[in-house]
Amino acid sequence: MSLKVIPTKLKDVKLVETDVFGDNRGFFTETYTREKFVEAGIKNDFNQDNQSLSAEAGVLRGMHYQMAPYAQTKLVRVVTGVVEDVLVDIRKGSPTYGQWEGYILSQYNHRQLLVPKGFAHGFITLTPDVNFVYKVEGYYAPEADRGIAFDDPDIGIEWPMSTAHLIMSEKDQHHPQLKDAENNFVYGEI
């Protein structure tokens with residue numbers, strides 16, 4: 001398997017592409033091999049796999065993070081369906097602090113996204129029946145669970161569909177703006 005790591009405009013965020021072998025039966029791809037990721041410079045110690053199912057298009061989950069020392073790096077991908085995955089750099093002092101970028105992840109492009117510690121993360125489903133899977137470095141710590149508003153005007157995320165009729169959790173509808181959020185990330189200290 002070859003591994004292609006693509007830098008993004010957000011400092012330290014990477015898209016990952018693996019070889020996909022297809023024929024009339026479908027396809028095969030090796031999504032994670034520790035040694036190959038380490039050789040490519042991704043040396044995280046992922047210790048848990050998670051999965052979510054979003055039944056409808058227009059589900060927005062985010063924008064989430066865990067404060068240090070419980071911060072998590074994630075390696076995310078979509079098994080079925082299509083999402084726009086969005087990250088916001090919330091590391092104070094970072095050259096890309098407060099900037100966002102969106103990435104299409106789908107069952108068709110097989111891309112994965114490395115979400116480093118110090119980024120708020122979320123996604124919106126563009127199709128129904130999205131199975132979203134992610135490896136995490138670290139464990140869920142409810143006492144460190146935080147988020148920022150998906151519609152923070154200072155950030156200006158341009159979601160690919162109207163936000164008037166999104167399907168969201170109660171919690172995700174009430175996150176504060178970045179300027180008011182509890183955040184202990186400092187660029188270079190994570």
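This is a predicted model: local features need pLDDT of at least 70, side-chain atom pairs count only at pLDDT 80 or more; totals for chains, interfaces and linings use all residues.
**View 1. The five-stranded sheet.** Let's start with an open sheet whose five strands run in the order S9-S8-S11-S6-S13, with antiparallel pairing. S9 and S13 (145-147) are the edge strands, each pairing on one side only. From one strand to the next, the twist averages 30°.

**View 2. Where S8 meets S9.** Here we zoom in on two strands of the sheet, S8 and S9, which pair in the antiparallel sense over seven bridges. Look for Val86, whose bridge partner in S9 is Gly102.

**View 3. The largest nonpolar core.** This core has 23 residues, and Met63, Tyr65, Val88, Ile90, Ile148, Ile157 and Trp159 have the most contacts inside it. Strands S6 (60-66), S8 (82-89) and S11 (119-125) each supply at least two of its residues. The largest share, three residues, comes from S6. Another core, of 16 residues, lies apart from this one and includes Leu10, Val78, Phe123 and Val130.

View 4. His110 sits in the loop between strand S9 (100-106) and strand S10 (112-115). Is His110 buried or exposed? His110 has a relative accessible area of 18%, and because buried means under 20%, His110 counts as buried. A polar atom of the His110 side chain lies 3.4 Å from the backbone oxygen of Gln107. Not counting residues up to four places away in sequence, His110 also touches Val16, Val20 and Phe27.

Key
Residues are numbered from 1 along each chain as its sequence is written. Side-chain values use heavy atoms; hydrogens and water are left out. Helices (H or I, at least four residues) and strands (E, at least two) are DSSP runs, numbered from the N terminus. Buried means under 20% relative accessible area, exposed over 50%, partly exposed in between (1.4 Å probe, protein chains only). A polar contact is a pair of N or O atoms within 3.5 Å; within protein, one must be able to donate a hydrogen and the other to accept it, and residues adjacent in sequence count only if both atoms are side-chain atoms. Contact means heavy atoms within 4.5 Å. A nonpolar core is a set of buried Ala, Val, Leu, Ile, Met, Phe, Trp, Tyr and Cys residues joined through side-chain atoms within 4.5 Å. Two strands pair if DSSP finds at least two bridges between them. Axes are lines fitted to C-alpha atoms, for helices over the stretch in contact, and angles run from 0 to 180 degrees between N-to-C directions.
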